[in-house]
Amino acid sequence: MKVETIAIHAGNHIDPTSRAVVQPIVTATTFERGDDGGFPGGHIYSRASNPNRASLENVLAKLEGGEEAAAFSSGNAAGMSVFQSLEPGNHIIAPDDMYHGLRNQLKTLFAGILEFDFVNVNDSTVLRSHIKPNTKLIWLETPSNPLLKVTDIKMVVAIAAGHDIKVVCDNTFATPLCQQPLALGADMVMHSTTKYFGGHSDLMGGALITAKKSDWWQKIRNVQTMGGAIPSPTDCYYLTRSIKTLPYRMRGHVKNAQLLAEYLDNHDKIEKVLYPGLQSHPQYEIAKEQMTGFGAVLSFLLKGGEDEAKRVVNALQLFTQATSLGGVESLVEHRASVEGPDTQTPLNLLRVSVGLEHIDDLIADMAQALG
């Protein structure tokens with residue numbers, strides 16, 4: 001099936017009792033046993049499984065081309081379950097430009113438990129030089145947050161395979177509509193489903209999708225079940241509903257982002273635009289090869305430094321100054337202010353999540369803010 005059909009049907013089951021076309025929300029925390037003590041409905045306790053979560057996980061797995069998915073209460077919870085599945089003393093290689101929430105999670109919660117290096121994973125020589133006997137995981141984020149670096153997934157997978165190292169890719173910025181890391185050889189994909197899957201800035205969630213079920217995957221499933229960081233049935237329901245329109249929303253997001261990036265790239269007050277869809281992007285050729293769309297997040301650096309960046313962000317009217325991305329509304333953020341004193345993000349950088357407003361209105365708002 002094509003992605004549009006998968007998005008609509010893989011997460012929905014007609015209710016066998018009422019014949020409701022849309023699967024109802026099942027809020028029960030526990031489920032009746034059969035006469036033999038078993039569970040004929042397939043569910044025991046809602047922390048372990050729930051009909052709405054099962055439907056959500058099915059559509060997520062199908063969209064990413066994986067065997068199975070696990071849904072979590074947030075993207076951070078999903079990422080943390082991967083780290084928790086490793087053994088103490090294992091070594092992780094992670095990108096030097098990485099979502100600060102997971103980076104800080106490693107530095108704070110796993111310091112002294114796991115070893116980790118943040119390196120330029122785009123450079124094969126640098127990547128190889130950081131592999132140790134205890135390296136068990138290479139974490140990728142492509143495109144990256146907030147510098148929009150693109151990593152050659154096939155290259156990393158080839159290097160990792162020679163050392164029996166697992167590769168996990170944060171695919172949040174791209175979504176499976178723009179990039180398929182599992183098809184490129186990654187072992188697992190992570191998402192903050194809060195973003196494009198939810199699509200309306202009104203719920204929180206995370207997910208992992210595995211290429212193959214394995215002992216490692218079972219460890220992650222155990223973290224999900226025993227740790228209990230799961231989305232509610234209602235959140236699963238609304239996520240599944242939003243996914244039905246994901247293919248069409250992403251086309252609008254990507255189209256708007258490309259046009260806005262091109263406008264900014266030609267503006268005399270802009271120092272640089274970071275967007276994989278521009279030929280000036282340093283990894284444009286890699287992005288063109290491994291992505292079917294360039295995503296809808298872009299960053300740009302302003303001439304005039306931090307003061308000018310903050311002036312512009314406050315002058316925008318349609319772009320709401322707020323954290324997060326992936327909603328139908330356009331958001332803008334001075335990213336260094338959010339990331340804190342140890343940020344490596346340029347102080348004159350603004351990150352934009354391009355929404356579904358009319359592109360003419362978005363460009364007009366940007367024009368008046370830039371002055």
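Predicted model: local features only at pLDDT ≥ 70, side-chain atom pairs only at ≥ 80, totals over all residues.
Local features were taken where pLDDT is at least 70, side-chain atom pairs count only at pLDDT 80 or more, and totals for chains, interfaces and linings use all residues. Residues are numbered from 1 along each chain as its sequence is written, and side-chain values use heavy atoms, with hydrogens and water left out.

Two packed helices are described by the angle between their axes and the distance between the axes. Helices (DSSP runs of H or I, at least four residues) and strands (E, at least two) are numbered from the N terminus. Axes are lines fitted to C-alpha atoms, for helices over the stretch in contact, with angles running from 0 to 180 degrees between N-to-C directions.

We may begin with helix H3 (residues 75–84) and helix H4 (residues 100–109), whose axes come within 10 Å and cross at roughly 45°. H3 and H4 are therefore oblique to each other; angles under 35 degrees count as roughly parallel, over 145 as roughly antiparallel, 65 to 115 as roughly perpendicular and the rest as oblique. The crossing of H3 with H4 is right-handed, a term used if the near helix is turned clockwise from the far one by less than a right angle, left-handed being anticlockwise. On the H3 side, Asn 76, Gly 79, Met 80 and Phe 83 meet Gly 101, Leu 102, Gln 105, Leu 106 and Leu 109 of H4, contact meaning heavy atoms within 4.5 Å. By class, this contact has 5 nonpolar, 4 polar and no charged residues. Here Ala, Val, Leu, Ile, Met, Phe, Trp, Tyr, Cys and Pro count as nonpolar, Asp, Glu, Lys and Arg as charged, and the others, Gly among them, as polar.

The second pair is helix H11 (residues 305–315) and helix H13 (residues 359–370), with axes that come within 8 Å and cross at roughly 135°. That angle makes H11 oblique to H13, and their crossing is right-handed. Glu 308, Arg 311, Val 312 and Ala 315 of H11 meet Gln 368, Ala 369 and Leu 370 of H13. This contact comprises 4 nonpolar, 1 polar and 2 charged residues.

On a 1 Å grid over the protein atoms alone, a cavity is a set of points where a 1.4 Å probe fits but cannot get out, and a pocket is an open set with protein on both sides within 12 Å along at least five of seven lines; lining residues have an atom within 4 Å of a point. Grid points are joined across faces, edges and corners, and a volume is the space filled by probe spheres set on the points.

The largest pocket holds about 410 Å³. Of its 22 lining residues, Asn 76, Tyr 99, Ser 192, Lys 195 and Ser 324 lie nearest its centre. H3 and H4 each supply at least two residues of this lining, which divides into 7 nonpolar, 10 polar and 5 charged residues. There is 1 cavity of 30 Å³ or more, and the largest cavity has about 40 Å³ of space. Its lining includes Glu 141, Ser 144 and Lys 149, and has 2 nonpolar, 3 polar and 4 charged residues.

Finally, the backbone. A cis peptide bond joins Thr 142 and Pro 143, with omega about -5°; Pro 143 is in the loop between strand S4 (135–141) and helix H6 (153–161). Another cis bond joins Asn 145 and Pro 146, with omega about 10°, and Pro 146 is also placed between S4 and H6. Ser 201, although not a glycine, has a positive phi of about 55°.
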